[in-house]
Amino acid sequence: MAENKIRLRIVTPVRELYDEEAEMVIMRSSIGDIGILHGHQPLTTTLDYGFLRIINGEDEIKATIFGGFASVDERGITVLSDAAEWPEEIDEERAIAAKERAENRIRSNDDSVDIARAELALRRALIRLEAKGK
């Protein structure tokens, strides 16, 4: 491993999204954003919906992360997420449609609507749209 870099692996149930070194990783934990550098103290945390930023010098890339957990140890950072994707993989039209569906469900007076589920769908759609710069 290069000096002052930390290995980052991002794994979902369907694929390994990332497996490279980074100078810094910033992720959304359940208690707020945390930044991890080489030599960070061991840590395990749950992840919230949001972005994971990978920084190498002046370069920064980000991925969407939808829950899961992260573990930091002497080998690096392992992120296990329910879903994660790069902004270029996001279908903007689909995200817009998902946002509209979720908003309609939340506004509905239908007692059979699971509001908590609709709110999570809305959060996912909004994160995807933000990743696309919308």
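**Entry 1: Asn56**

I began with a side-chain pair: Asn56 and Lys5 are joined by a polar contact of 3.2 Å. For a polar contact I take N or O atoms within 3.5 Å; within protein, one must be able to donate a hydrogen and the other to accept it, and residues adjacent in sequence count only if both atoms are side-chain atoms. A note on the source: this is a predicted model, where local features need pLDDT of at least 70, side-chain atom pairs count only at pLDDT 80 or more, and totals for chains, interfaces and linings use all residues. Residues are numbered from 1 along each chain as its sequence is written, and side-chain values use heavy atoms, with hydrogens and water left out.

I then placed Asn56 in strand β5, residues 43-56. Helices (H or I, at least four residues) and strands (E, at least two) are DSSP runs, numbered from the N terminus. Which residues is Asn56 in contact with, leaving aside its neighbours within four places in sequence? I found Lys5, Tyr18, Glu21, Ala22 and Glu23, with contact meaning heavy atoms within 4.5 Å.

**Entry 2: Salt bridges**

My search of the whole structure gave 9 salt bridges, each a side-chain nitrogen of Lys or Arg within 4 Å of a carboxyl oxygen of Asp or Glu. I looked up some of them.

Arg123 and Asp48 meet through their side chains at 2.8 Å, N to O. This pair links distant parts of the chain, with Arg123 in helix α2 (residues 115-131) and Asp48 in strand β5, 75 residues apart. For accessibility, I call a residue buried under 20% relative accessible area, exposed over 50% and partly exposed in between (1.4 Å probe, protein chains only). Arg123 is partly exposed at 34%, and Asp48 is partly exposed at 26%.

The salt bridge between Glu85 and Arg128 has an N to O distance of 2.5 Å. Glu85 belongs to strand β8 (residues 84-85) and Arg128 to helix α2, so this pair ties together parts 43 residues apart in sequence. Is Glu85 buried or partly exposed? Glu85 counts as buried, at 13% relative accessibility, while Arg128 is partly exposed at 23%.

I also checked Glu103 and Lys99, whose closest N and O atoms are 3.0 Å apart in their salt bridge. Both sit in helix α1 (residues 92-107), 4 residues apart, which is about one turn of the helix. Glu103 is partly exposed at 22%, and Lys99 is partly exposed at 23%.

**Entry 3: Helix α2**

I tested the length of α2: at 1.5 Å a residue, its 17 residues should span 24 Å, and the end C-alpha atoms are 24 Å apart, which agrees. The expected span is 1.5 Å times one less than the number of residues. At the start of α2, a side-chain oxygen of Asp114 comes to within 3.3 Å of the backbone nitrogen of Ala116. Just after the helix, I noted that Gly133 has a positive phi of about 85°.

The buried residues of α2 include Ala118, Leu122 and Ile127. What do the buried residues of α2 pack against? I found β5, β6 (59-73) and α1.

**Entry 4: Strand pairing**

Here I counted two strands as paired if DSSP finds at least two bridges between them. β1 (residues 6-11) pairs with β7 (residues 76-80) in the parallel sense over 4 bridges, and Val11 has Leu80 as its bridge partner in β7. β6 and β7 run antiparallel, joined by 5 bridges, and they form a hairpin with 2 residues between them. Ser71 stands opposite Thr78 in β7.
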